[in-house]
Amino acid sequence: QYAKDKLQQLADKYPIIDHIRGVGLMIGIQLTAGGGDIVSRCLENNLRINCTHDTVLRFMPSMTVTAQQIDTAVEILDNVLATEN
């Protein structure tokens, strides 16, 4: 739930994020536009996510992820989204 809550904060901040959905740590970030560039820029910043159906970012950390690692990942995604606008 911690990861979903952190990602929901990004959804509240960026209109490109339509909604957050998922079960456990398999989380989909539904976008209103294509996410390929976001994935590439996240990878350049050491965050590995992928994009499915062109508009869904898949955020799926390991089961041993820590809150600090989630914070770092969300911070990277936040920085990427901030420069997309």
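Helix α1 goes past helix α3 in a right-handed crossing, meaning that the near helix is turned clockwise from the far one by less than a right angle. The model here is predicted, so local features need pLDDT of at least 70 and side-chain atom pairs count only at pLDDT 80 or more, while totals for chains, interfaces and linings use all residues. Residues are numbered from 1 along each chain as its sequence is written, and side-chain values use heavy atoms, with hydrogens and water left out.

First, the α1 and α3 pair. Helices (H or I, at least four residues) and strands (E, at least two) are DSSP runs, numbered from the N terminus. The axes of α1 (residues 2-13) and α3 (residues 67-84) come within 10 Å and cross at roughly 15°; axes are lines fitted to C-alpha atoms, for helices over the stretch in contact, with angles from 0 to 180 degrees between N-to-C directions. That makes the two helices roughly parallel, the label for angles under 35 degrees. On the α1 side, Tyr2, Ala3, Lys6, Leu7, Leu10 and Lys13 touch Ala67, Ile70, Asp71, Val74, Leu77, Asp78 and Leu81 of α3, where contact means heavy atoms within 4.5 Å. Sorted by class, this contact has nine nonpolar, no polar and four charged residues (nonpolar is Ala, Val, Leu, Ile, Met, Phe, Trp, Tyr, Cys and Pro; charged is Asp, Glu, Lys and Arg; the others, Gly among them, are polar).

Next up is α2 (residues 36-44), whose axis comes within 10 Å of that of α3 and crosses at roughly 130°. The two are therefore oblique to each other, and their crossing is right-handed. Asp37, Ile38, Arg41 and Cys42 of α2 meet Ile76, Leu77, Val80, Leu81, Thr83 and Glu84 of α3. Those residues split into six nonpolar, one polar and three charged.

Finally, the largest pocket has a volume of about 290 Å³. On a 1 Å grid over the protein atoms alone, a pocket is an open set of points where a 1.4 Å probe fits, with protein on both sides within 12 Å along at least five of seven lines, and lining residues have an atom within 4 Å of a point. Of the 16 lining residues, Leu47, Arg48, Phe59, Pro61 and Ala73 are closest to the centre. Helix α3 supplies the largest share, five residues.

Note on methods
Parallel < 35°, antiparallel > 145°, perpendicular 65-115°, else oblique. Points joined across faces, edges and corners; volume = space filled by probe spheres on them.
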